[in-house]
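Trainee: I would like to go through this two-chain model with you. Could we take it one topic at a time?

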Amino acid sequence: MKRDPIYGIMAEFDTAQHLIDAARATHEAGYQKIDAYSPFPIEGLADEISQDHHDVQLVVLIGGIVGGLTGYLMQYWMSVVDYPLNIGGKPYHSWPSFIVITFEMTILFAGISAVFGMLALNGLPMPYHPVFNVPRFSSASKDRFFLIVFSSDKKYDPAGTRQFLEGLAPRTISEVPS
Amino acid sequence: MNDQYKSVELDRAPVIEPGHTFGTVTEKISAIVLNRPASNGWFIGFGLAFMLTMMLLFAIGYLFLRGIGIWGNTVPIGWGFEIVNFVWWIGIGHAGTLISAILLLLRQSWRNSINRFAEAMTLFAVACAGIFPAIHVGRPWLAYWLFPIPNTMGVWPQFRSPLMWDVFAVSTYATISALFWFIGLIPDLATLRDRTDNKALKIIYGMFSLGWRGSARHWHRYETAYLLLAGLATPLVLSVHTVVSFDFAVGIVPGWHTTIFPPYFVAGAIYSGFAMVLMLAIPIRKIYGLEDFITERHLQNSAKVMLATGLIVGYGYMIEAFMSWYSGDRYDAFTVWNRLHGPYAPMYYALLICNIFIPQLLWIKKLRTSPVALFLISGVILVGMWLERFVIIVMSLHRDFLTSSWGMYYPTRWDWMTYIGTMGMFLAAIFLFLRILPAISIFEMRALLPEAEVKE
């Protein structure tokens with residue numbers, strides 16, 4: 001497949017409020033493949049550009065369950081099945097003693113799933129991304145807010161989309177080469 | 001916001017001094033790392049801390065050569081400085097997790113300016129703590145036996161022992177703290193990547209920021225993961241010192257075998273941890289001119305946490321004494337008598353002065369808002385909490401059931417070198433952290449500014 005030389009059109013805004021309004025307007029105008037960039041998380045912005053995600057929660061839940069089961073079954077297998085040892089006359093299956101490690105393993109697995117699950121679902125690490133080709137984009141990690149319409153969007157056309165974004169009164173508009 | 005609430009808000013010192021914008025917050029914090037040259041003071045401080053670290057390595061090296069006979073540990077005091085220091089360091093770490101996780105869940109937004117270095121403090125304190133049990137096992141090259149790793153002997157760890165629970169609690173705690181700290185750093189590393197002019201630094205910060213670009217979808221998942229991690233770290237941090245207290249409470253030694261230990265250990269941990277946070281924050285804000293971000297509000301709030309947890313610790317001492325009388329157990333009663341009149345009595349009185357009496361000065365608002373007074377009181381609390389662990393461990397072991405097995409504990413120079421060495425290692429790590437990474441979370445500070453507010 002031939003790649004489009006243009007990845008998308010990017011508009012730059014001064015305030016968080018401006019960005020969230022622009023994102024809503026763009027979404028309402030029928031653009032589906034859009035994204036917004038901000039120097040800090042803005043509540044509700046993700047809802048404007050896409051459906052709500054619950055995928056991280058699911059990954060953490062599964063991680064926690066797997067961790068808890070691993071912790072308990074590991075102790076059970078080692079103390080009851082593989083090498084039963086009589087310690088002070090306590091039963092081999094001393095389940096109250098196994099609770100602490102089961103708990104710690106639940107937290108460990110759930111925590112690791114939260115971090116690596118989040119990174120994997122976000123497609124990170126990704127050292128190269130077309131948005132970094134825009135010189136002004138370095139302010140996205142400081143004090144500027146960006147909105148992009150991807151060229152893969154059905155409604156995208158170079159002139160019309162640019163005109164639409166200009167109507168949102170951004171500070172600058174740039175084409176993003178892919 | 002109703003008027004009553006507003007008037008309360010106005011009464012308090014602000015979390016960030018007025019007049020800052022996204023740009024100034026970013027520049028001010030990243031400039032410490034990127035533009036400010038390392039001062040002579042930094043080199044002297046780091047140099048001293050580094051020399052102490054070398055002393056630690058020397059003490060450990062000699063220990064590996066000669067064995068733990070070089071320490072003061074002898075029967076009946078098998079747990080000397082090593083366990084005292086382990087518990088002390090791990091307790092200090094607790095404040096970092098409390099600030100980053102529990103205060104996040106409680107929506108205490110003032111935490112945003114101190115969570116980053118408090119988390120760094122946690123990591124370094126846990127690293128110092130972790131050294132002690134590992135070198136205390138006698139044959140440190142076999143320390144991996146603590147973990148359930150398949151081996152040629154076919155045996156497994158003994159999961160009915162609280163010491164095994166501790167291995168899992170502390171290693172989970174270290175892992176989760178490191179992950180929490182790292183994901184908090186990702187957006188700020190991206191900021192440093194975009195701010196620096198140095199090509200090599202750009203590549204290094206770029207690699208560690210994992211290509212973070214601040215996409216709204218990413219932020220959404222990021223915040224979910226951060227919140228969930230805070231929710232997981234909260235019971236974890238409470239469990240860690242609880243499990244540490246089980247190391248004692250599950251044993252039958254008089255002075256150890258008590259149910260008040262878990263809550264009283266957790267409160268003591270947070271108590272000493274906040275003292276360490278203040279001892280680090282007060283000089284850092286002064287030297288790096290961060291008074292705008294770490295304001296009087298932060299100092300006051302930390303002082304209040306210390307006051308509250310200090311009172312819980314005081315309650316713990318009281319219940320210990322009460323239960324030894326109420327239980328009617330003569331060995332327990334003797335433990336209290338021995339604390340008050342035995343050979344280590346001066347340490348017990350010093351503990352009461354450091355942990356119970358002097359911190360009551362924090363009721364005075366003038367002292368609570370004075371950085372110098374807070375710095376000194378925090379130092380006293382850190383000494384007091386170290387004495388508490390000494391009292392619990394050494395004083396309980398040196399007089400147990402049989403008079404024939406009574407003894408005394410005298411730490412040797414190697415014990416002291418190891419202890420002071422870990423302080424050097426801790427400080428050296430803090431010095432490096434201040435120069436390499438943003439000491440205050442930049443993106444969370446941006447979110448605190450009034451201009452970050454949006455309406456739906």
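**Backbone, fold and contact**

Mentor: Let us begin with B:Arg107, which counts as exposed because it has 7 C-beta neighbours inside 10 Å. Please keep in mind that this is a predicted model.

Trainee: Where is B:Arg107 found in chain B?

Mentor: B:Arg107 is found in the loop between H4 and helix H5 (115-136) of chain B.

Trainee: And what is the phi of B:Arg107?

Mentor: Phi of B:Arg107 is near 55°, which is a positive value in a residue that is not glycine. Most residues other than glycine have a negative phi.

Trainee: Which other residue has a positive phi of about 60° without being a glycine?

Mentor: That is B:Leu210, with a positive phi of about 60°. B:Leu210 lies in the loop between helix H7 (199-208) and helix H8 (216-249) of chain B.

Trainee: Where does H4(B) bend, and by how much?

Mentor: The bend is at B:Leu98 and amounts to about 40°. From its first C-alpha to its last, H4(B) reaches 36 Å, close to the 36 Å expected at 1.5 Å a residue.

Trainee: Let us turn to peptide bonds. Which bond in chain B is cis, with omega near 10°?

Mentor: It is the bond from B:Val75 to B:Pro76. B:Pro76 is placed in the loop between helix H3 (40-66) and helix H4 (81-105) of chain B.

Trainee: And which residues of chain A does a cis peptide bond join?

Mentor: In chain A, a cis peptide bond joins A:Leu124 and A:Pro125, with omega about 0°. A:Pro125 is in the loop between H4 and strand S3 (145-150) of chain A. Most peptide bonds are trans.

Trainee: What about the overall make-up of chain B? How many helices and strands are there?

Mentor: Chain B has 16 helices and zero strands. Of its 456 residues, 45% count as buried.

Trainee: What is the radius of gyration of chain B, and how does that fit a compact globule?

Mentor: Chain B has 23 Å, which agrees with a compact globule because one with 456 residues would have a radius of gyration near 23 Å. Along the principal axes, the C-alpha atoms of chain B fill a box of roughly 70 × 60 × 45 Å. Among contacts in chain B between residues at least 6 apart in sequence, 83% join residues at least 24 apart.

Trainee: Now chain A. What does its domain assignment give?

Mentor: The assignment gives domain 1 (6-53 + 131-177) and domain 2 (55-121). The C-alpha centres of these two domains of chain A lie 44 Å apart.

Key: Residues numbered from 1 in each chain as written. Chains lettered and ligands numbered in written order. Predicted model: local features only at pLDDT ≥ 70, side-chain atom pairs only at ≥ 80, totals over all residues. Helix = DSSP H or I, 4+ residues; strand = E, 2+ residues; numbered from the N terminus. Rg over C-alpha atoms; globule rule 2.2 N^0.38 Å. Buried ≥ 20, exposed ≤ 12 C-beta atoms within 10 Å, placed from the backbone. Contact = placed C-beta atoms within 7 Å. Domains from an automatic or database assignment. Expected span 1.5 Å × (residues − 1). Bend = angle between axes of the 7 residues up to and from the residue.
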